[in-house]
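Subject: Structure handover

Hi,

Here is the structure I said I would pass on. My notes follow below it.

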Amino acid sequence: MSLKNPLKRETEYHFFSGKGGVGKTSLAAAAALDFSKKGRKTLLISVDPAHSLSDSFETKIGGEIKELQKNLFAVEIDPAKAVEEYKEVLTPQLEKMSALKSLGLEDTFDIAGMTPGIDEIAAFDKFLRYMHQKEWDIIVFDTAPTGHALRFLSLPDVLDSWVGKIIKMKMQFSGMINIFKKVLPFGDSEEDVGGAQLEAMKERIEEAKKILSNPKRTRYTIVLNPETMSILESERSLSVLREYHIPVSTVIVNQILPENPGCGFCTEKRALQLKKIEIIKEKFSKFKILQAPLFRQEVKGIEMLEKLSKQLSPS
Ligand SMILES: Nc1ncnc2c1ncn2[C@@H]1O[C@H](COP(=O)(O)OP(=O)(O)O)[C@@H](O)[C@H]1O
Ligand SMILES: [Mg+2]
């Protein structure tokens, strides 16, 4: 990897996933801060509509990339807004889509199911745009709670199957192709999409898939708490991630109670947590396991984020 030559720079992607409230945003923000301090130009992206990155850094971030400090940039994609932008383009096209039925594509391109899928498409479109910007050494991605994030990550497969089918059928209906051009990401060209462009689109999707499944380029971290529900949920996400060939490298057990001999309740609770950590070590033995303590204060502001990265330790 050559980080010095910007033309040869290969961006690394770090995803943080897990149930709501486990500490994804805090750990993603702490990791991004850490990378930036090591001199790597880092972009932190959130798709959380609650805008919690702004809370983590105690500064308004918003929908445009903002420089937080040297080498550290952040952006909060508002999924609802992204969907609105898409819907404006889509609404007039939806009726025409009934034509898909005659092409036998309705199973892969579910018209009724299109609307709920739009948020992933819109978010994925935005993500791809950042993903293909060559200027970043690292992009850290603070994802929505796992279920949502997994659907989002499966999108390349879905798109690939539509596109593959379209190419196979050698579609010559330029009207139809125009519909796809508007629905799919990368639809910014004004010209008609011909076979060559469909091939190019498929290549871009393939590239995104390749990057997302390449452990040298993509690190996927699952964040969990030492609690049964959190462990079960992480196991489920791991099996789905495996299906999509997404390489998980690390599991972080967050919010572990520190020792507190003066407090009976805390001591008991900590003992229970330590038992769960043993279970986590067994179940996730293939992964690097890190742990972080529960702090008295919330993880807000640069100082607390730094403290969180410093206290991340091997489990
Ligand atoms: N190790 C920790 N110690 C103390 N508070 C934490 C810790 N990790 C996360 N928090 C707090 O818990 C809440 C949820 O964390 P957050 O990172 O927003 O989780 P998620 O993004 O998974 O929903 C936030 O208020 C955050 O400051
Ligand atoms: Mg969050």
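Sorted by class, the shell around ligand 1 holds nine polar, five nonpolar and three charged residues. Bear in mind that this is a predicted model. There are 17 residues around the ligand, and G23, K24, T25, S26 and E298 come nearest. Helix α1 gives the most, with three residues.

**The core**

Helix α1 (residues 24-37) matters for the next item too. The largest nonpolar core has 44 residues. Within this core, L27, A28, A29, A32, L44 and V140 touch the most other members. The largest share of the core is eight residues, and these come from α1.

What does A28 contact beyond its neighbours within four places in sequence? The partners are F16, L44, V140 and D142. As general background, nonpolar side chains tend to be buried together in soluble globular proteins.

**A helix pair**

Next, α8 (residues 228-243) and α9 (residues 264-283). Their axes come within 10 Å and cross at roughly 10°. Angles under 35 degrees count as roughly parallel, so α8 is roughly parallel to α9. On the α8 side, the contact uses T228, I231 and E235. Facing them in α9 are K276, I279, I280 and K283. By class, this contact has three nonpolar, three charged and one polar residue.

Best wishes

Technical notes: Residues numbered from 1 in each chain as written. Chains lettered and ligands numbered in written order. Predicted model: local features only at pLDDT ≥ 70, side-chain atom pairs only at ≥ 80, totals over all residues. Core = buried A, V, L, I, M, F, W, Y, C linked by C-beta atoms within 7 Å. Buried ≥ 20, exposed ≤ 12 C-beta atoms within 10 Å, placed from the backbone. Helix = DSSP H or I, 4+ residues; strand = E, 2+ residues; numbered from the N terminus. Contact = placed C-beta atoms within 7 Å. Near = placed C-beta within 6 Å. Nonpolar A, V, L, I, M, F, W, Y, C, P; charged D, E, K, R; others polar. Axes fitted to C-alpha atoms, helices over the stretch in contact; angles between N-to-C directions. Parallel < 35°, antiparallel > 145°, perpendicular 65-115°, else oblique.
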